[in-house]
Amino acid sequence: MPGRRRRLVGADVELAGDSVAITVEGDPSGLTRLFSNLVDNAIKYGGTARVRVARDGDMAVVQIDDTGPGLRGEVLLRAFHPFYRADSSRNPDQGGVGLGLPIAWATARGHGGEVVPRLQAVGLRAIVTRPIAPD
């Protein structure tokens with residue numbers, strides 16, 4: 001899947017990754033919600049979402065980057081707590097109750113993976129790792 005840029009419902013989303021299919025096992029609706037929450041946050045708070053899919057040994061790795069202000073220090077860690085909202089760094093006109101990131105984190109953990117946030121020079125990166133399904 002060489003870099004593909006799509007406008008989905010008015011959003012700027014770019015997809016990139018390995019040309020080889022990567023298969024993971026899990027609950028399809030839970031995994032859809034995990035990635036939807038992370039991409040939606042990237043679009044809402046960062047304006048764009050750049051999604052890269054790769055294989056690292058026996059793990060699938062998905063990186064979701066945005067170009068927003070990011071979250072710093074303690075706020076970055078607290079963002080994964082239920083009902084926490086970093087209001088000072090977010091548009092007050094946007095909805096949400098602070099459950100998207102905790103749900104993404106819990107879903108990844110429940111599927112044997114994890115979500116790790118990383119502050120970038122510009123924006124925020126969410127790194128999702130998941131075990132690849134056995135052949």
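Helices (H or I, at least four residues) and strands (E, at least two) are taken as DSSP runs numbered from the N terminus, and the expected span of a helix is 1.5 Å times one less than its number of residues. The model is predicted, so that local features need pLDDT of at least 70 and side-chain atom pairs count only at pLDDT 80 or more, whereas totals for chains, interfaces and linings use all residues. Residues are numbered from 1 along each chain as its sequence is written, and side-chain values use heavy atoms, with hydrogens and water left out.

Helix α1 comprises 19 residues (residues 28–46), which at 1.5 Å a residue should span 27 Å, and the separation of 26 Å between its end C-alpha atoms agrees with this expectation. Its buried residues (under 20% relative accessible area, with exposed over 50% and partly exposed in between; 1.4 Å probe, protein chains only) are G30, L31, L34, N37, L38, V39, N41, A42, Y45 and G46. These buried residues pack against β2 (11–17), β3 (48–56), β4 (59–65), α3 (100–110), β5 (114–119) and β6 (124–131), where contact denotes heavy atoms within 4.5 Å. The helix is followed by G47, whose phi is positive, near 85 degrees.

Strand β6 is largely enclosed by the rest of the structure, because six of its eight residues are buried. Two strands pair if DSSP finds at least two bridges between them; β4 and β6 run antiparallel and are joined by seven bridges, with P131 in β6 as the bridge partner of M59. Strands β5 and β6 also run antiparallel, joined by six bridges, and E114 has T129 of β6 as its bridge partner. The hairpin formed by β5 and β6 has four residues between the strands, and G123 in the turn has a positive phi of about 85 degrees.
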